[in-house]
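This report is meant for a reader who is meeting the structure for the first time.

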Amino acid sequence: MKALHVEGLHYSVDRQPILRGVELSLAPGEFAALIGPNGAGKTTLLHCLAGVVAADSGRILVGDADLRIEPLRARHRLGLSIDPSRLPALLSVRECMKLFTDARGLPAIPPSTLALCDALALTPVLDRWVGQCSLGTRQKVGIVLGLLGEPPLLILDEPLNGLDPLSAYALKEHLRRLCGEHGATVLLATHSLDIAERFIDRAMLMVDGRIRRDWSRHDLDAIRAHPDRSLERAMIEAMA
Ligand SMILES: Nc1ncnc2c1ncn2[C@@H]1O[C@H](COP(=O)(O)OP(=O)(O)OP(=O)(O)O)[C@@H](O)[C@H]1O
């Protein structure tokens with residue numbers, strides 16, 4: 001069974017097509033990046049996958065749960081990082097985590113979440129209001145909330161934005177462990193191609209609302225092995 005299977009996904013705003021027939025499948029344990037130019041539709045796609053917005057047509061299966069038919073079961077199987085601007089400013093970081101803990105039906109904030117807070121240097125700010133935190137700190141909080149409970153599919157939008165190098169490294173290692181040891185599937189949208197190239201085992205290029213190019217682990221290994229090649233260059237060539 002695929003961790004995520006998407007067929008013929010279309011989405012428009014005011015009759016302006018944004019997603020124009022997205023097809024993609026991710027296997028359990030895959031660490032995949034969605035790359036592409038500004039406005040290509042990456043965030044919109046992630047929001048459709050997570051059920052934040054409803055696609056006009058097409059099919060999204062999260063594991064064996066069809067997002068349209070069984071939205072609660074499908075959404076229970078995935079976590080989406082929260083945009084820092086959408087976090088409640090007047091709750092503390094810990095209160096946010098408790099809300100998400102309740103929403104996931106868990107008895108207490110999971111130890112793995114507290115360990116990730118430690119790795120991301122969030123422990124000292126757990127009792128600070130979100131509105132008093134720096135942008136980078138709120139970015140980390142949004143990621144921790146998305147990963148809380150470690151659902152099998154993790155969807156992250158530009159998770160490395162604004163993270164200091166130590167935190168970015170800790171997050172990448174954490175995600176890699178979740179994929180490698182727990183069989184989680186990660187789909188992250190990013191413009192950080194150099195970072196993506198070294199960590200991911202799949203890259204998908206989105207252009208004009210469609211997946212134009214898909215690089216497998218084998219393709220990425222070939223790019224990494226060649227001193228004159230890079231994902232950045234491969235992307236530019238694919239867009240020409
Ligand atoms: N609510 C909305 N109303 C109108 N247009 C929208 C809306 N949301 C997204 N769009 C348009 O959809 C297109 C895709 O936007 P989206 O944010 O998904 O792109 P992206 O690939 O994530 O871009 P970036 O790399 O800049 O974050 C853009 O042209 C954007 O203007």
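The model is predicted. Helix α9 itself covers residues 231-239, and its buried residues are L231, A234 and M235. Viewed down the axis of α9, these buried residues fall within an arc of 100°, so they line one face of the helix. An α-helix has 3.6 residues a turn, so residues three or four places apart point the same way. On the face of α9 turned away from the buried side are the exposed residues I236 and E237.

Is A196 buried or exposed? A196 has 24 other C-beta atoms within 10 Å, and a residue with 20 or more is buried, so A196 is buried. Leaving out residues up to four places away in sequence, A196 touches A33, I35, T190, A203 and L231. Between A196 and E181 there are 15 residues in sequence and 19 Å in space, taken from C-alpha to C-alpha.

In soluble globular proteins, nonpolar side chains tend to be buried together. The largest nonpolar core here has 73 residues, and those with the most contacts inside it are L34, V144, I155, V186 and A203. At least three residues of this core come from each of domain 1 and domain 2. V144 touches T113, L116, C117, L120 and L122, again not counting residues up to four places away in sequence.

The domain assignment gives domain 1 as 1-77 + 152-161 + 183-240 and domain 2 as 81-150. The C-alpha centres of domain 1 and domain 2 are 24 Å apart. Where the two meet, 6 residues of domain 1 are in contact with 6 residues of domain 2. The side of domain 1 that touches domain 2 has 4 nonpolar, 1 polar and 1 charged residues.

Next comes the ligand. Its surroundings are V13, I18, G36, N38, G39, A40, G41, K42, T43 and T44. By class, this shell has 3 nonpolar, 6 polar and 1 charged residues. Which helix gives the most to the shell around the ligand? The answer is α1 (residues 42-49), with 3 residues. Helix α1 is mostly covered, since 6 of its 8 residues are buried. The buried residues of α1 are K42, T44, L45, L46, C48 and L49. Just after α1, G51 takes a positive phi of about 80°.

| Residue | Phi | Loop |
|---|---|---|
| R15 | about 65° | between β1 (4-13) and β2 (16-26) |
| E158 | about 45° | between β7 (153-157) and α6 (165-182) |

How many other C-beta atoms lie within 10 Å of R15? There are 5 around R15, and a residue with 12 or fewer is exposed, so R15 is exposed. E158 has 18 other C-beta atoms within 10 Å and is partly exposed.

Notes
Residues are numbered from 1 along each chain as its sequence is written. This is a predicted model: local features need pLDDT of at least 70, side-chain atom pairs count only at pLDDT 80 or more; totals for chains, interfaces and linings use all residues. Helices (H or I, at least four residues) and strands (E, at least two) are DSSP runs, numbered from the N terminus. The arc is that of the directions from the helix axis to the C-beta atoms. A nonpolar core is a set of buried Ala, Val, Leu, Ile, Met, Phe, Trp, Tyr and Cys residues joined through C-beta atoms within 7 Å. Domain bounds come from an automatic or database domain assignment. Two residues are in contact if their C-beta atoms, placed from the backbone, lie within 7 Å. A residue is near a molecule or strand if its C-beta atom, placed from the backbone, lies within 6 Å of it. Ala, Val, Leu, Ile, Met, Phe, Trp, Tyr, Cys and Pro count as nonpolar, Asp, Glu, Lys and Arg as charged, and the others, Gly among them, as polar.
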